[in-house]
Every structure is written in structure tokens, then in C-alpha cells.
Amino acid sequence: MAQIGVQATRKDDFSEWYVQAITRAELIEYTDISGCYVIRPWAFSIWEIIQSFFDGEIKKLGVKNAYFPCFVSQRALKAEEEHLEGFKPEVAWVTKSGDTEMSEPIAIRPTSETIMYPLYSKWVRSHRDLPLKLNQWCNVVRWEFKRPVPFLRTREFLWQEGHSAFANKAEADEEVLQILDLYRQVFEDLLAVPVTRGKKTDKEKFAGGLYTTTCEAYIAPNGRAIQAATSHCLGQNFAEIFDIRFEDEHRNKTLVWQNSWGLTTRSIGIMIMVHGDDDGLVIPPRVAPVQVVIVPVYTKTNAELINKHCSEVCKLLTEAGIRVEADLRDNYKSAWKYNHWELRGVPLRLEIGQRDLDQKQIIAARRDTKQKLTIPQSVIVDSVKELLITIQSDMFEKAKQLKEEHTKSAVTWEQFLVHLNNKNIVKVPFCCDGDCEGQVKIKSAEQSKEQTTDLKFELTGSAKSLCIPFEQDSLPSGTPCFCCQQPAKAWTLFGRSY
């Protein structure tokens, strides 16, 4: 008989808990190709809600949607060697058509700069053609890694990628931060996941770009950070390579300034890891496919009456704009239904039995706290709306508090390592030198071997820079770098990361 609940616990075996939760809650189905998964309706509904919000917001900024081919020629991909080197191990190539070898291999897009920018060169001629702001919702393929993890690290994933061109750097800089704040809203306001916004170090920035900004989240059970979304200023590097020039008001030919920015289905995995518990998923109301489930509690003699009342309540809530489902299946007992919907993370369950009918009340059970409340039928719509708002807020505050408790400061290597090995992310004074950053990875792995790995997810014990947070504490002149003792340039967040 198939298992329908989660047996692993988050504390004892987090990676196994994650796999059980996403498969038994019917978010993911494995296929016969490693790293390629079916995103089932429960998960795809969450993605659609994220997509609807973000798509509406970028259109307010003047961004238009388009679609570009998924194939890119070898010539175009090699046009930007620095960019290619960044993705080279991950590029999947089509080399045959039927039984015939192709004269030139064709790459499947790992990202679309080299597909889109030759056309930008064609479309941009005058300052009147700028800004050019395009976005596409599509899939990409990144192949080379050993151990895929559903949602987090997959060989094919869904995302949006925005690509903008501007007449000057100031406009490009402004959009970078506008988009990053929209990503913050996706995570904090929709997914109830707190993030730290900041700038990537040069070593961690997007290959070929000028600078990268990021939202970084924190996963408490294993003390790891995870990159949530990035917004890049590409500068004029790609414009130079692909000859994207425009004639300004003075009839001078000049290069455009470009940005790119992306959000992926990884966001679903982050939400699951941050909020889940040992009973399965806990989904914030704003992105829950079903916000309220109604479960009848009846006997053989009153099933029709109870079901009728459940349907009436369901209709009331639906008309109020709440995503609600009445589980009227007669082949399962109410206790089984409770477990079924808890596993799937539905934020609120309403229970209606004969006593509730007689007393004109409804029992509400919160998924996040397991708290039960009695609600008069006369105020059920308003009460449910208020409860959903409260649940959303409480989930965010709980995650925020946990993240703050596990964000530590250190000024020496020894302090840093202690905090790191206690499942924290650590803010340290850092010189921002690439060679020093490489040493941090090597030394942290060597000196924390007892905490090196989660074998299922292939997570190493090495620490890396996460970002240079926008919100900076005072850094006195002459403060030494925590690793190499050279003068520090900024407080930088380090941690073990996915």
C-alpha cells in the first residue's frame, strides 16, 4: 500500500522529509529522465499565482511579454566567451536529427541573452526605441550536475527572464532595484518568506555582467541559505558584443545599457522548506491553491443534510472571492480527510457536523498552528477572511524571527566557524577580494568536515558569500577582513548554501 503521509522528520532527515512532502502532497512526479519532473496541478497552481502577481507588476513598469526560441546556435553562444564559460558545463546540445548528424550542434537555452540580443541589435536604432523592456515566461535547461533536487536544482525548470535596454546607466540602475523589490514582494508578501537584499561579490555575480543584486532566504532545519531571485545590471558588455547601439539626440552612436532578471519555480521549493512541518506542507493563504477546505462530519443518517450545508457554506465563501473546496467524498472518513488536506498544506479547515448545525456554528482549524476556533455561522465569511490575513502575517513573522535568530555577526575566523557550525548565516567584515573568497570556501570545508554533507542533496560543508547586504552597519576604518586580515570593505553575509 502506498504511503500517504510523511514519515521522515525535518529535524532528523530534512532532505528525506522534503522528498516525501513534495511527492506525497502531489506537487511533483518523477520521470525516467534524471532531473526532469512533472509539476503537478497543486504545485503549478502556486506558480500561476506567483506568475499572475509578478506579470501584473512588471506590466505597470512598461514591460511587455514575448517569446523567443529555445534553441541557440553555437556561433551565437560562443560570441560571448565570458558568458559561455559561466554556463558551459550546463549547456545541453542537440547533435542529431533522426539518424543524421547535424552540421552544427544547436544548444538548448540555459538562458536567453545570446538568443535575444542579436535581435535587440536589429530592433534598436534610435533613442526613440528605448527603453526596450521585454520578458518571457519559458523553460530553460541546465544539464551538468550530479544530484538534482526537485524545484531547487533541476535540469529543466520554469522561469521568467526579463531583458531591458536603456539609454543610460541611471535608468538601468533604477530598474535593477525596482525588479529586486518586486522579487522581495513575491517572497515576503506572497510566500511569507523573509529575504535579505544585497549585491553579489564580483566572484559570485552573473557571468559577463556588471553587477548582480539578489534576494537571499534562510532554511532553518539545516542552517543553509538559498538564492531566491536575482536582478542583474549587465552594463554595456553584451551591447558591445552584439553591437546594440542607438543614435542619441545629438546623432551620436552609443551603446545601450542592459539588465536581465529572473525568478524560477525554485521559489516553490523555498516556500516548502521554510514553512513545512512534520505533517507535510504549510502553504501561505495568498498562494494556496485551496485556501479553505470544508470537511463534513456526519453519520449514516444525516449525510445528505450535512453535505447540503457544507455546499451552502462553500458557495458563500466562493462568492466572497475565497478559494474553497468542500470535500464531500463518501468513501473516506473525516479523520482521513483531515490528514489528506493537512499534508497538502491548506491554510484553514472548516468542520461541520450535526452539533455545529444545531448550534449554528462552524469549527475552524488553522494549519500553521493547529489551533481550533469556533465561529458563528452568521459571520463565517468575515471571520474566514480575517483568519486568512492573520495566518499569512503569522507565518511571515515566525519565519522572520527564525531567520533573525540565526543571522549572527563575527569579526574573526574562529567566531565565524562557530556560528557557521551552529546552523547560522554569518555577517562578517570582508575585503571583497576574489582570492580571499576562494580561501573561505576551502578553509571552511576543511575545518568543518564533521558537518560536511547531506548525502541526498550533495551539500558540502564549505561556506560562500551570499551577498553584501544593502543595509550596512558601521564599519570602522581599518577593520580587518575576518579571513585574510587585509582592510575590510563591507559587512558581507556568508553561509552554507544550496
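I started at Ser 444 and listed its contacts beyond four places in sequence: Trp 413, Leu 417, Leu 420, Gly 461, Ser 462 and Ala 463. The model is predicted, and I read it as such.

Next I looked up where Ser 444 sits. I found Ser 444 in helix 14, which covers residues 434-446. Is Ser 444 buried or exposed? Its relative accessible area is 0%. The cut-off for buried is under 20%, so I logged Ser 444 as buried.

Then I checked the polar atoms around Ser 444. The side chain of Ser 444 reaches the backbone oxygen of Val 440 at 2.6 Å. The backbone oxygen of Lys 441 lies 3.2 Å from a polar atom of that side chain.

I moved on to helix 2 (residues 41-60) and helix 8 (residues 266-275). At what angle do their axes cross? I noted roughly 110°, with the axes coming within 10 Å. That makes helix 2 roughly perpendicular to helix 8. From helix 2, I listed Ala 43, Ile 46, Trp 47 and Ile 50; they meet Ser 267, Ile 268 and Met 271 of helix 8. I sorted the residues of this contact into six nonpolar, one polar and no charged.

Last, I looked at the whole chain. I recorded 14 helices and 23 strands. The radius of gyration is 25 Å, close to the 23 Å from the globule rule for 498 residues, so the chain is as compact as a globular protein of that length. The C-alpha trace spans about 80 × 55 × 50 Å along its principal axes. Buried residues make up 54% of the 498. Among contacts with a separation of 6 or more, 69% join residues 24 or more positions apart.

Technical notes. Residues are numbered from 1 along each chain as its sequence is written. This is a predicted model: local features need pLDDT of at least 70, side-chain atom pairs count only at pLDDT 80 or more; totals for chains, interfaces and linings use all residues. Side-chain values use heavy atoms; hydrogens and water are left out. Helices (H or I, at least four residues) and strands (E, at least two) are DSSP runs, numbered from the N terminus. Buried means under 20% relative accessible area, exposed over 50%, partly exposed in between (1.4 Å probe, protein chains only). A polar contact is a pair of N or O atoms within 3.5 Å; within protein, one must be able to donate a hydrogen and the other to accept it, and residues adjacent in sequence count only if both atoms are side-chain atoms. Contact means heavy atoms within 4.5 Å. Axes are lines fitted to C-alpha atoms, for helices over the stretch in contact, and angles run from 0 to 180 degrees between N-to-C directions. Angles under 35 degrees count as roughly parallel, over 145 as roughly antiparallel, 65 to 115 as roughly perpendicular and the rest as oblique. Ala, Val, Leu, Ile, Met, Phe, Trp, Tyr, Cys and Pro count as nonpolar, Asp, Glu, Lys and Arg as charged, and the others, Gly among them, as polar. The radius of gyration is taken over C-alpha atoms; the globule rule is 2.2 Å times the number of residues to the power 0.38.
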